[in-house]
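Here is a short note to read beside the structure. The points are numbered so that each can be checked in turn.

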Amino acid sequence: MGILDRFRRKPQQESLWTKCPDCKTILYIPELQKNLKVCPNCGYHFQMGAFERISSLLDGTYEVLFENVLPDDPLKFKDTKPYKDRLKQAQEQTKLTEAMVVARGSLVDQEIILTVMDFEFIGGSMGSVVGERFYRACLLAVKEGIPLISVITSGGARMQEGIISLMQMARTSMAVGFLNNSGVPYITVLTDPTMGGVSASFAFLGDIIIAEPKALIGFAGPRVIEQTIKQQLPEGFQRAEFLLKKGMVDMVIDRRQLKSTLHRLLKMSTFWRKAKDGKGYA
């Protein structure tokens with residue numbers, strides 16, 4: 001079983017109860033949703049959809065951006081199922097147009113641009129549209145001088161788009177450079193899992209890198225690494241807490257404290273300010 005299969009959410013059935021995969025506690029779904037899909041018994045973080053994430057972070061109404069940028073099949077990719085059919089199926093199942101949603105709204109009293117990935121859409125993989133939406137989000141953040149926050153979950157680059165998908169690693173990294181040059185804050189939130197070409201590009205380029213508890217974060221999966229180096233990996237390898245000890249992420253934050261933490265970080269930031277002369281941001 002591959003990494004995408006292990007993390008893919010199973011189709012939801014009409015049920016009021018679910019079992020925590022960590023502590024095996026039977027949970028009442030409406031209460032679990034009120035708790036931001038965090039198990040109240042052991043703190044296990046269930047996966048969240050893109051719009052669930054957006055609603056948990058932004059106040060009131062928000063504007064969804066760049067929905068006119070839609071995926072295509074440039075390589076006419078065919079495997080067990082044509083790529084166009086996979087896209088259509090993912091869109092029908094998730095009610096999303098792509099694996100990334102971009103929204104503009106307010107986090108408490110701070111206007112932000114928020115990019116959120118959804119793992120259920122072809123494993124949260126990054127194709128040309130994900131790269132383009134992120135690129136445009138960065139340009140808008142620079143133009144308006146407002147912070148960009150990116151909530152990330154992904155299996156990596158989308159194989160059905162080949163080299164076009166891999167090109168997005170450079171494109172998204174370049175877009176983050178625009179933020180850096182303009183002094184606009186960029187915060188990333190790495191959730192379970194964050195892997196492959198996404199982790200090797202814009203996911204790890206945040207001014208501040210936050211991870212959710214026990215999130216699997218890395219490039220290649222643990223099984224692939226063990227088979228390559230012929231060694232057993234340390235306990236907790238590639239988990240958020242392991243990366244925190246190694247200095248790869250700045251903090252591990254419970255989802256229930258994420259909104260307040262992001263607000264504090266934006267308020268504490270001293271490296272960005274609106275220029276008094278109205279010429280931009282320094």
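1. Lys 34 is a reasonable place to start. Its relative accessibility is 66%, so Lys 34 counts as exposed, the cut-off for that word being over 50%. Please keep in mind throughout that this is a predicted model.

2. Lys 34 has a charged partner. Glu 31 and Lys 34 form a salt bridge, and their closest N and O atoms are 3.9 Å apart. Both residues belong to helix H2, and because they are three residues apart there, about one helical turn separates them. Glu 31 has a relative accessibility of 44%, so Glu 31 counts as partly exposed. As background, side chains of opposite charge can pair when their charged atoms come close.

3. A second salt bridge has another setting. The side chains of Glu 98 and Arg 158 meet at 2.8 Å, N to O. Glu 98 lies in the loop between helix H4 (83-94) and strand E4 (100-107), while Arg 158 lies in the loop between strand E6 (148-154) and helix H6 (162-182), so the pair ties together parts that are 60 residues apart in sequence. Is this pair buried or exposed? Glu 98 is at 1% relative accessibility and counts as buried. Arg 158 is also buried, with a relative accessible area of 1%.

4. Next, the cysteines. Which residues does UniProt list under "binding site"? The record, an unreviewed entry, gives Cys 20, Cys 23, Cys 39 and Cys 42. These residues are spread over 23 residues of sequence, yet they cluster in space, with a largest C-alpha distance of 8.8 Å.

5. Cys 23 is in the loop between strand E1 (17-19) and E2, and Cys 42 is in the loop between helix H2 (29-34) and helix H3 (50-57). Leaving out residues up to four places away in sequence, Cys 23 touches Cys 39, Asn 41 and Cys 42. With neighbours within four places likewise set aside, Cys 42 is in contact with Cys 20, Asp 22 and Cys 23. Cys 23 is partly exposed, with a relative accessible area of 26%, and Cys 42 is partly exposed too, with 32%.

6. The backbone has some points to check. Most residues other than glycine have a negative phi, and most peptide bonds are trans. Lys 24 is not a glycine, but has a positive phi of about 70 degrees. Lys 24 sits in the loop between E1 and E2 and is exposed, with a relative accessible area of 52%. Lys 230 also has a positive phi, near 60 degrees. Lys 230 lies in the loop between helix H8 (222-229) and helix H9 (240-245), and at 69% relative accessibility Lys 230 counts as exposed.

7. Which two residues does a cis peptide bond join? They are Asp 192 and Pro 193, with omega about -5 degrees. Pro 193 is found in strand E7 (residues 186-194).

8. On the surface, Leu 16, Trp 17, Ile 26 and Tyr 28 form a nonpolar patch, and together they have about 420 Å² of accessible area. Tyr 28 is in strand E2 (residues 26-28). Tyr 28 has a relative accessible area of 34% and is partly exposed.

9. Last, the overall division. The protein chain is divided into domain 1 (16-46) and domain 2 (48-271). The contact takes seven residues from domain 1 and nine residues from domain 2. The C-alpha centres of the two domains lie 24 Å apart.

Conventions:
Residues numbered from 1 in each chain as written. Predicted model: local features only at pLDDT ≥ 70, side-chain atom pairs only at ≥ 80, totals over all residues. Heavy atoms only, no water. Patch = residues over 30% accessible without salt bridge, like charges linked within 9 Å, V, L, I, M, F, W, Y side chains within 5 Å. Areas by Shrake-Rupley, 256 points an atom, 1.4 Å probe, with all protein chains shown as cover. Salt bridge = Lys/Arg side-chain N within 4 Å of Asp/Glu carboxyl O. Helix = DSSP H or I, 4+ residues; strand = E, 2+ residues; numbered from the N terminus. Buried < 20%, exposed > 50% of the residue type's maximum accessible area, 1.4 Å probe, protein only. UniProt positions renumbered as here; feature names shortened; annotations may be inferred. Contact = heavy atoms within 4.5 Å. Domains from an automatic or database assignment.
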